[in-house]
Amino acid sequence: MNSDNPQEKSSPNISFEPDDQQPVRILGIETSCDETAAAVIEDGRVILSNKVASQADLHAQFGGVFPEVASRQHILAIYPIIEQALHDAHLTINELDAIAVTRGPGLPGSLAVGVNTAKGLSLGSGLPLIGVNHLEAHLYSAWLISADKTQTSEPHYPLLALVVSGGHTELVLMTDHLKYQRLGGTLDDAAGESFDKVARLLELPYPGGPSIQNAAELGNPQTFEFPRAWLKDTWNFSFSGLKTAVLREVQRLQTVGTPLPVSNLAASFQAAVIDVLVGKTLDAAKEFKAKEILIAGGVSANKSLRQTFEERAKYPLHIPPISLCTDNAAMVAGAGFFRYINGQRDPLDFDVLPNWPISEI
């Protein structure tokens with residue numbers, strides 16, 4: 001992979017098994033948004049360490065991520081978090097095989113901190129450097145297991161994946177390792193972004209996902225009939241109209257002097273989002289004859305979303321544990337492993353790609 005063509009075609013003859021019996025250990029680095037993370041993964045599956053320094057409390061005062069603050073905080077946290085990840089894995093950097101780092105998509109300043117740190121470590125240690133797509137990394141969170149747990153079966157292809165997070169809502173058909181077809185995505189607000197915006201309307205704290213979920217547990221999801229944007233004949237999503245519908249309902253209630261039924265509003269909004277996410281994912285799985293379904297990204301931590309998929313899906317489901325749903329470096333190292341054994345080695349002059357889409361590779 002070179003700096004001009006970051007998503008080259010994979011060779012059909014590549015074997016996705018290590019060349020020898022020695023374990024392959026990858027250091028992952030993640031700084032795409034407001035989580036500074038480092039992890040060490042063995043053979044693309046086993047988590048030897050996984051450390052995350054969250055900035056959520058820092059950005060809560062702004063009601064969302066403040067990019068300049070995020071990048072400055074990454075600078076402060078990046079080396080201590082890498083040192084802790086190596087310490088927890090009982091390894092030195094010279095005992096690793098490669099360094100994988102999130103190249104994009106994400107906030108430019110945040111991405112630059114992780115990428116430049118990885119370049120420095122690569123230059124100093126001589127280890128190969130691998131740039132990883134953040135969305136691809138979320139998919140590979142489904143392969144990860146803790147070192148103290150028995151290995152489980154890997155997902156089977158073709159795999160229909162829903163990547164749903166603060167900045168992304170995408171349906172992806174995964175036909176093999178590193179082979180993707182993007183079916184559709186959000187045309188406006190991502191699902192996680194709409195959770196944050198509606199949380200602000202309801203005066204709930206940031207981040208909006210957990211706040212909406214907690215409020216919704218006390219509410220009736222059938223109180224308000226909020227719209228579902230099905231966008232028929234496409235695999236795209238749209239949540240801006242739903243957000244506007246919540247805004248208008250809030251304004252109407254405020255005009256008549258009625259106290260906001262926050263729990264009912266949150267439950268009705270959440271139900272509308274989940275209905276579309278689950279419905280379109282299941283329809284796509286049927287259309288493209290998927291064998292299994294994978295749900296990944298920060299919003300996949302939502303209890304109601306997980307339960308609804310478990311109730312409605314007639315497919316084997318892969319939903320990572322909560323700790324691997326939000327941004328972390330274990331998933332970056334996991335994806336980096338498959339790129340490493342596929343022969344990817346990136347030059348030190350590659351740049352970050354803030355708008356890097358996942359596409360067929």
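**Figure 1. Lys289 in the loop between α8 and β10.** In this predicted model, Lys289 is placed in the loop that runs between α8 and β10 (292-296). The phi angle of Lys289 is near 55 degrees, a positive value in a residue other than glycine. With a relative accessible area of 65%, Lys289 is exposed, because exposed residues are those over 50%.

**Figure 2. Leu231 in the loop between α6 and α7.** Leu231 lies in the loop between α6 and α7. Its phi is near 45 degrees, again a positive value in a residue other than glycine. Leu231 has a relative accessibility of 30% and so counts as partly exposed. That value falls between the cut-offs of 20% for buried and 50% for exposed.

**Figure 3. The crossing of α7 and α8.** Helix α7 covers residues 240-255 and helix α8 covers residues 262-287. The axes of α7 and α8 come within 11 Å and cross at roughly 165 degrees. The two helices, α7 and α8, are therefore roughly antiparallel to each other, since angles over 145 degrees count as such. The crossing in which α7 passes α8 is right-handed.

**Figure 4. The crossing of α6 and α8.** The axes of α6 and α8 come within 7 Å, and the crossing angle is roughly 115 degrees. Helices α6 and α8 are therefore roughly perpendicular to each other. Here α6 passes α8 in a left-handed crossing.

Figure 5. The peptide bond from Gly104 to Pro105 is cis, with omega near -10 degrees. Pro105 lies in the loop between β4 (98-104) and α3 (108-125). A cis peptide bond also runs from Tyr206 to Pro207, where omega is near 0 degrees. The loop that holds Pro207 lies between α5 (191-201) and α6 (208-216).

**Figure 6. Glu136 and its contact with Arg339.** Glu136 belongs to helix α4, which spans residues 134-140. The relative accessible area of Glu136 is 1%, so this residue is buried. The side chains of Glu136 and Arg339 are joined by a polar contact of 3.0 Å.

**Figure 7. The aromatic pair of Phe224 and Phe226.** Nine aromatic pairs are present in the structure. One of them, formed by Phe224 and Phe226, is stacked, with 5.7 Å from centre to centre and 15 degrees between the planes. Phe224 and Phe226 are both buried.

**Figure 8. An aromatic cluster that includes Tyr140 and Phe338.** Ring pairs link Tyr140, Trp143, Tyr157, Phe337 and Phe338 into a cluster.

**Figure 9. Lysines over the faces of Phe350 and Phe237.** Lys119 lies over the face of Phe350, at 5.0 Å from the ring centre. Over the face of Phe237 lies Lys280, at 5.6 Å from the centre of that ring.

Technical notes
Residues numbered from 1 in each chain as written. Predicted model: local features only at pLDDT ≥ 70, side-chain atom pairs only at ≥ 80, totals over all residues. Heavy atoms only, no water. Phe/Tyr/Trp six-rings, centres within 6.5 Å; stacked < 30°, edge-to-face > 60°. Buried < 20%, exposed > 50% of the residue type's maximum accessible area, 1.4 Å probe, protein only. Lys NZ or Arg CZ within 6 Å of the ring centre and 35° of its normal. Helix = DSSP H or I, 4+ residues; strand = E, 2+ residues; numbered from the N terminus. Polar contact = N/O pair within 3.5 Å; in protein donor to acceptor, adjacent residues only side chain to side chain. Axes fitted to C-alpha atoms, helices over the stretch in contact; angles between N-to-C directions. Parallel < 35°, antiparallel > 145°, perpendicular 65-115°, else oblique. Left-handed = near helix turned anticlockwise from the far one by under 90°.
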